[in-house]
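Student: I have a protein model open and would like to go through it with you. Could we begin with the overall picture and then turn to details?
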Amino acid sequence: QRAILILHLVRDITNVLILVVHLDPQQHLRRRWILGPPELLFDAVTRGDTVAIRELIKSGGDINQITERGSRILFRAVIKAHDSEIVRIILEAKADVRSLDDKGNSVFHFWARATVGRNHLMEIGKMLVAAKADVEARRTKDGMSPLHHVTIGHNNRRGWLDFHKALFLIRNGASPGITTERLEQPSDLLTRDSRATTKKLVQLLQYGTSRGDWPRCDHGECCW
């Protein structure tokens, strides 16, 4: 009954989790059982709670264990990160950057769709590349690559973010000619319009980084 009660409290109140870790140091096996569910790490990452994340990892939480819904802790950190700190913590805990979720997505598929921490996505991308994440990973079910996702994202958003993402991926080894299972290249999924960003993205996907005057966006604090 005590174990069930603690588990319930831990899932709802992070401070109780920390108290359990410090007040019950002799219960090593029970403590690991309490911290076992990857949902605890997943929830802490979603909240951006770096203290809880560090405590969970320190107390034996498995950073590479998949959640009951097929999600990965690292992927959640990338898609929800307001800055790079949480991603750095998880990578330092030996997160597997080559892992896939239950839908066959890689970490760079999530990076390609991320918008929350837009001013830190370049730094996060560099960290993932340094950790040997695959910029050309093709999703298991349909062969979609991160570059395909960036192109689709550009169709639905304004601004230069997706152009910058595409430029980053190509500079780090992604091929503009990579195809899906239906033999679609990223440029095939791009909706042509009159925006300057679209014109430059077309140029980038056609010629790669060998030509063109690649612009920066109009935001003064943009890291790209």
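Student: What percentage of the residues of the protein count as buried?

Tutor: Please note that this is a predicted model. Of the 224 residues of the protein, 47% count as buried.

Student: How many helices and how many strands does the protein have?

Tutor: The protein has 12 helices and 0 strands. Read from the N terminus, the order of elements is therefore α-α-α-α-α-α-α-α-α-α-α-α.

Student: What share of the contacts between residues at least 6 apart in sequence join residues at least 24 apart?

Tutor: In this protein, 71% of those contacts do.

Student: Let us turn to helix packing. At what angle do H5 and H7 pack?

Tutor: Helix H5, residues 50-58, packs against helix H7, residues 85-92, at an angle of about 5°, and their axes are 11 Å apart. That angle makes H5 roughly parallel to H7, because angles under 35 degrees count as roughly parallel.

Student: Which residues meet there?

Tutor: From H5, the residues are Thr50, Ile53, Arg54 and Ile57; from H7, they are Glu85, Ile86 and Ile89. By class, the residues of this contact comprise 4 nonpolar, 1 polar and 2 charged.

Student: Why would residues three or four places apart point the same way?

Tutor: An α-helix has 3.6 residues a turn, so residues at that spacing point the same way.

Student: New topic: how many residues of H11 are buried?

Tutor: Helix H11, residues 161-171, is mostly covered, with 10 of its 11 residues buried. Among them are Leu161, Asp162, Phe163, His164 and Lys165.

Student: What covers the buried residues of H11?

Tutor: The cover includes helix H8 (107-113), helix H9 (121-130), helix H10 (146-156) and helix H12 (196-207).

Student: And which residue just after H11 takes a positive phi?

Tutor: That residue is Gly173, with a phi of about 110°.

Student: With which side chain does the His154 side chain make a polar contact?

Tutor: The partner is the side chain of Thr198, at 2.7 Å. Leaving aside residues up to four places away in sequence, His154 touches Gly159, Asp162, Leu190, Arg195, Thr197, Thr198 and Leu201. Of these, Asp162 is also one of the buried residues of H11.

Technical notes:
Residues numbered from 1 in each chain as written. Predicted model: local features only at pLDDT ≥ 70, side-chain atom pairs only at ≥ 80, totals over all residues. Heavy atoms only, no water. Axes fitted to C-alpha atoms, helices over the stretch in contact; angles between N-to-C directions. Helix = DSSP H or I, 4+ residues; strand = E, 2+ residues; numbered from the N terminus. Parallel < 35°, antiparallel > 145°, perpendicular 65-115°, else oblique. Contact = heavy atoms within 4.5 Å. Nonpolar A, V, L, I, M, F, W, Y, C, P; charged D, E, K, R; others polar. Buried < 20%, exposed > 50% of the residue type's maximum accessible area, 1.4 Å probe, protein only. Polar contact = N/O pair within 3.5 Å; in protein donor to acceptor, adjacent residues only side chain to side chain.
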